[in-house]
Structures are given as C-alpha cells and as structure tokens.
Amino acid sequence: MFLVLVGSDWQQRPAFVSALVFGVVTVLAPFLVLQPGLGAGIAARRTPQPNIARLRSLTAHASFGIGLWVSGLGGMLAF
C-alpha cells in the first residue's frame, strides 16, 4: 500500500519523511478499529491512562515508518 501511495520511484530514492508520515497515519487503524473493538474506546479513551496508551501506539507506528525507510535504504543497496 505504501508504494502504491508514494510511487515505485521511492525504492530508488527512499525519503524519510514520507515513510514516517505513512507510519504515523497508520495509527488511525488501532485508534478507530482495534481499540474500540477491544472495549478501550476510540483512541483508548476508556483506559486508565489514555494518553500513555496513545503515546505508545504513536511510538510503535512511528517506529514502523522508520523501519520502512531503513528497509528502503537496504533495498537501495541491493540494486
């Protein structure tokens, strides 16, 4: 999905910002689907410490975006 959105040229020149933004935007899935489905409410609002839960989710998804970028750099070396 990421390459469909940013284009296949990204594989030759991986951009950090686009990967990070994609990773952060994907946090909407757990905020709007997973957490409410588990009874935690939208964006973990029903948890004892919602801001901590939100920060952890955001950190995990930002790490995913950074991982996309790093894997893009690794793929660049393979060419």
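Helices here are DSSP runs of H or I with at least four residues, numbered from the N terminus. This is a predicted model, in which local features need pLDDT of at least 70 and side-chain atom pairs count only at pLDDT 80 or more, while totals for chains, interfaces and linings use all residues. Residues are numbered from 1 along each chain as its sequence is written, and side-chain values use heavy atoms, with hydrogens and water left out.

Helix α3 covers residues 28-37, and its buried residues are Pro-30, Phe-31 and Gln-35. Buried means under 20% relative accessible area, exposed over 50%, and partly exposed in between, with a 1.4 Å probe and protein chains only. Viewed down the axis of α3, the buried residues fall within an arc of 90°, so they line one face of the helix; the arc is that of the directions from the helix axis to the C-beta atoms. Leu-32, Val-33 and Gly-37 are exposed on the other side of α3.

I turn to the surface. A nonpolar patch with about 880 Å² of accessible area together includes Leu-32, Val-33, Phe-16 and Val-17. Patch residues have over 30% relative accessible area and no salt bridge, and nonpolar side chains (Val, Leu, Ile, Met, Phe, Trp, Tyr) are joined within 5 Å, like charges within 9 Å. A salt bridge would be a side-chain nitrogen of Lys or Arg within 4 Å of a carboxyl oxygen of Asp or Glu. Areas come from the Shrake-Rupley method with a 1.4 Å probe; for residues, only the protein chains shown count as cover. Helix α2 gives the most to this patch, with four residues. Val-17 lies in α2 and is exposed at 57% relative accessible area.

Finally, the aromatic rings. The structure holds four aromatic pairs. Rings of Phe, Tyr and Trp (its six-membered ring) pair if their centres lie within 6.5 Å; planes under 30 degrees apart count as stacked, over 60 as edge-to-face and the rest as tilted. Phe-16 and Trp-69 form an edge-to-face pair, 5.1 Å centre to centre with 80° between the planes. This pair links α2 (residues 16-25) with α4 (residues 50-78), its partners 53 residues apart. Phe-16 is partly exposed at 35%, as is Trp-69 at 25%. The ring centres of Phe-22 and Phe-64 are 6.3 Å apart and their planes at 45°, so that pair is tilted. Ring pairs link Phe-2, Trp-10, Phe-22 and Phe-64 into a cluster.

Definitions and conventions: Helix = DSSP H or I, 4+ residues; strand = E, 2+ residues; numbered from the N terminus.
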